[in-house]
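This briefing goes through one protein chain, topic by topic. Keep the structure open beside the text and find each residue as it is named.

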Amino acid sequence: MKAIRRFTVRPVLPEPLAPLSELARNLRWSWHAPTRELFRTADPAGWQAAGGDPVRLLGSVSAGRLAELATDPDFLVRVQDAARDLDDYLRGRRWYQEQSGDGVPLPGAVAYFSPEFGITAALPQYSGGLGILAGDHLKAASDLGVPLIGVGLLYRHGYFRQSLSRDGWQQEHYPVLDPDELPLTLLREPGGAPAQVSLALPGGRALRAHLWQAQVGRVPLLLLDSDVEENAPGERDVTDRLYGGGSEHRLLQEMLLGIGGVRAVRTYCRLTGHPEPEVFHTNEGHAGFQGLERIRELLPYGLDFDAALEAVRAGTVFTTHTPVPAGIDRFDRELVARHFGDGGELSGVDGGRVLRLGMESYPGGEPNVFNMAVMGLRLAQRANGVSTLHGAVSREMFQGLWPGFDAPEVPITSVTNGVHAPTWVAPEVLALGDDFAATPGADLWELRRELREQLVHEVRRRLYASWRQRGAGTAELGWIDGVLDPDVLTIGFARRVPAYKRLTLMLRDRDRLMELLLHPERPVQIVVAGKAHPADDGGKRLVQELVRFADDPRVRHRIVFLPDYGMAMARTLYPGCDVWLNNPLRPLEACGTSGMKAALNGGLNLSVLDGWWDEWYEPDFGWVVPTADGSAADDEDRRDDLEAAALYGLIEERIAPLFYGRDADGLPGRWVEMVRRTLTSLGPKVLADRMVREYVDRLYAPAAGAHRALALDGETARELARWKGRVRVAWPGVSVDHVEAGAAVGTAELGSTLALRVCVTLGALQPEDVEVQAVAGRVDPDDAIGDAQTFPLKPAPGGPDGTGRRIYEGPLALDRTGPFGYTVRVLPAHPLLPHGADLGLVALPTGTTAEGAGVLMR
């Protein structure tokens, strides 16, 4: 029989054990080994049954055991020590507080919005890299003392749990998550009622949400939950599943995340006294509506839409994670119009202005599509990609938003992702300390074998459970005891399974792969994991193809597919693999942080030059899988054949011989040194601490300064909006009329100088409204300027001539040899603009004006 109602009975802890409650509910335990060990010793069997979750453990430990622990002096001393350590961590000054003391204008608080957060397996609110990155961002911010407030949704079914059918087809399961059984606290009003936010929906309906709080070290994480009794059934299910449902369902999720998220932050600050955020950081476009809600908040204070937009943009940071348009959430214009029209959300905000922020109104765009990333970029004064290469790809992809500017000038920078070392580094690696350079090679090699052996045992355990789920009987599974070998070169591959990540590239030549797996002297073993999106049958077919190969009795002891890839599996998988494989289609991997986690444990990377590997690859850190170019790159089958052959060749001819080659001490000397170099030189680069520091220095601090400049009284925002409006109206009257260079055109000597004299028409604008620039650099055969530098030109004395034209002058140094060229342009200029491309306006010479602008240097 099934229960008609389910609820959680919380344990009553004896007074001496009371600190255990706070220790369990602060998720710092997920990356603080001493706290985890404290809970494990409280009840070792219960700890294992609870999956390493302290909240579940305390809910299941017997009253007798609690009474026993309450009188155990050694255990009580450890409880008090852990409680003091947590208190010191939460209240002490950290890196951020030291920076603030130097007079740096850092924000008093930053709101960080993301559709998913991967903090711990005990809080399954993530699907893949975006969520894991967001979780690592919060943890690193906590360690550094950055005053972040995380904002997300609480999905009652999380993402899906994955299992396999007997024939290897992915199956999805959606277990119900009870917030009372999770490390969460319901935010309440002073009278005890649950705090609530509400969104207006068409037809007089409302979407209400409760606010749950997870404490991630020093960082509060607010999760909005629409499973509220006052909601109608459709609205109640808005936060049912991560990335589930159709277009309207997704739109409602993103409205709740963005608009409801801002209201949740305001509620949290009101109830707790936490400083209001000065900077709002949107992690991908899903939360882009937060900017619209902040515009709505400013309208009652006398700002019109344009002035409010300027004030909001100043304090907004937008991070894009996708390198392909297909990865962006896009909605039909009419759907968005319905939700922001009469009777919908954002009362008082012009629905037409809302639509224009997200419409693809640029060459190549679809005019009836509302694009969440486009809105995110238009609502943010600062934007970034997540690796150097991804920043370049993003500038190309979104160039249409800044017409007249070359892709390198598109105002999207990059902050390369990092990973949170205390979460992802194995305890055995942490035990060696930081001085890997002095660690004997034999110790490093023994460590690698120990981690590999742990992975072997974990793989066998998970594989046995998977085959039992697939319907196999115990008598059929004796072979699992021989799966993998702790002394065999182990390659790992685990990630989501969209087509571009090419899960099955390794299967292109199955005979060749079998030879590698079964080599008599230098065998290879491979551990694979990954989930396909429930609606992606193509991805599921890739999973099935891999599983069927791994089921082959000839190779199943050397290659395995582990279902239900998640954080719990990853913590053994990353450390246990000698080589981490990544073979996406370049440049479609925005960053690819899984290889970073392997590197922090001494794993070597084998990857296409994409994402972070394109940026930091060195021969000491691993190997590059060559990518096809030319005509082969356009033929998918030929491309994959070539790249798979290159992959096999690397493993067979370079990687395996290096792993199995032994010196006089029985060690693979070069391999061990590569492990050492990876730990000492690559490890510090891939840390989330480095990433968050970069966000603070390069994005948060400037955004806070810009926010303060516009938000103190509102008049500055009004003035900037009026100025922009005036410039946009007048810009058609701006032109470059004539360009002269005071040197012979054609050839010039290195080190000489051109005296430029430019005649421009400014129309209704004044010199202080613009900047006239020379842009110079080497040119290609089509006269395109590469690696351009800009040089401001100054107005000549005397003002405009009789026709209103003005003369600008300045020197142009010829500092590079070879084909060289220049042009001139006029840009809007204002002290509060973050960059010259902010308005997307530029005046360039016409074809006749620019005659003779090229200079050939010798």
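**Backbone features in the loops**

Leucine 484 sits in the loop that runs between helix H19 (441–469) and strand E15 (489–494). The model is predicted.

- The phi angle of leucine 484 is near 65°, which is a positive value in a residue other than glycine. Leucine 484 counts as buried because its relative accessibility is 3%, and the limit for buried is under 20%.
- Arginine 502 also has a positive phi, near 55°, and is likewise a residue other than glycine. Arginine 502 belongs to the loop between E15 and helix H20 (510–517). Its relative accessibility is 5%, so arginine 502 counts as buried.
- A cis peptide bond joins arginine 586 to proline 587, with omega near 5°. Proline 587 is part of the loop between strand E18 (579–582) and helix H23 (594–600).

**The six-stranded sheet**

- Strands of a sheet pair through backbone hydrogen bonds, and the pairing is either parallel or antiparallel.
- Here six strands form an open sheet in the order E17-E16-E15-E18-E19-E20, and the pairing is parallel.
- Which strands stand at the edges? They are strand E17 (559–562) and strand E20 (622–625); each has a single partner strand, so one side of each has no neighbour in the sheet.
- From one strand to the next, the twist averages 20°.
- E18 pairs with strand E19 (residues 604–608) in the parallel sense, over four bridges. Within this region, tryptophan 580 has asparagine 605 in E19 as its bridge partner.
- Helix H26 (residues 636–660) packs on the sheet and touches E15, strand E16 (524–529), E18, E19 and E20. The direction of H26 makes about 165° with that of E20.

**Two packed helices**

- Two packed helices are described by the angle between their axes and the distance between the axes.
- For helix H8 (residues 129–144) and helix H28 (residues 688–711), the angle is about 80° and the axes are 9 Å apart. H8 is therefore roughly perpendicular to H28, since angles of 65 to 115 degrees count as such.
- On the H8 side, the contact is made by Leu133, Asp136, His137, Ala140, Ala141 and Leu144. On the H28 side, it is made by Ala688, Asp689, Met691, Val692, Arg693, Tyr695 and Tyr700.
- Sorted by class, the contact of H8 with H28 has nine nonpolar, one polar and three charged residues.

**A buried leucine**

- Leucine 357 is in helix H14 (residues 351–358). Its relative accessible area is 8%, so leucine 357 is buried.
- What is leucine 357 in contact with, leaving aside its neighbours within four places in sequence? Its contacts are Leu292, Phe305, Leu309, Val374, Met375, Arg378 and Leu379.
- Asparagine 371 is 14 residues from leucine 357 along the chain, and the C-alpha atoms of the two are separated by 8.8 Å.

**Salt bridges**

- Side chains of opposite charge can pair when their charged atoms come close. The structure holds 61 salt bridges.
- One of them joins the side chains of aspartate 85 and arginine 28, at 2.7 Å from N to O. This pair links distant parts of the chain, 57 residues apart: aspartate 85 is in helix H6 (residues 73–91), and arginine 28 is in the loop between helix H1 (19–25) and helix H2 (33–42). Aspartate 85 counts as partly exposed at 31% relative accessibility, whereas arginine 28 is buried at 9%.
- Arginine 330 and glutamate 360 also meet in a salt bridge, at 2.8 Å from N to O. Arginine 330 lies in strand E11 (residues 330–332) and glutamate 360 in the loop between H14 and strand E12 (369–371), so the pair ties together parts 30 residues apart in sequence. Arginine 330 is partly exposed at 34% relative accessibility, whereas glutamate 360 is buried at 6%.
- Arginine 462 forms a salt bridge with glutamate 458, with the closest N and O atoms 2.8 Å apart. Both residues lie in helix H19, four residues apart, about one turn of the helix. Arginine 462 is buried, with a relative accessible area of 19%, and glutamate 458 counts as buried at 16%.

Definitions and conventions
Residues are numbered from 1 along each chain as its sequence is written. This is a predicted model: local features need pLDDT of at least 70, side-chain atom pairs count only at pLDDT 80 or more; totals for chains, interfaces and linings use all residues. Side-chain values use heavy atoms; hydrogens and water are left out. Helices (H or I, at least four residues) and strands (E, at least two) are DSSP runs, numbered from the N terminus. Buried means under 20% relative accessible area, exposed over 50%, partly exposed in between (1.4 Å probe, protein chains only). Axes are lines fitted to C-alpha atoms, for helices over the stretch in contact, and angles run from 0 to 180 degrees between N-to-C directions. Angles under 35 degrees count as roughly parallel, over 145 as roughly antiparallel, 65 to 115 as roughly perpendicular and the rest as oblique. Contact means heavy atoms within 4.5 Å. Ala, Val, Leu, Ile, Met, Phe, Trp, Tyr, Cys and Pro count as nonpolar, Asp, Glu, Lys and Arg as charged, and the others, Gly among them, as polar. A salt bridge is a side-chain nitrogen of Lys or Arg within 4 Å of a carboxyl oxygen of Asp or Glu. Two strands pair if DSSP finds at least two bridges between them.
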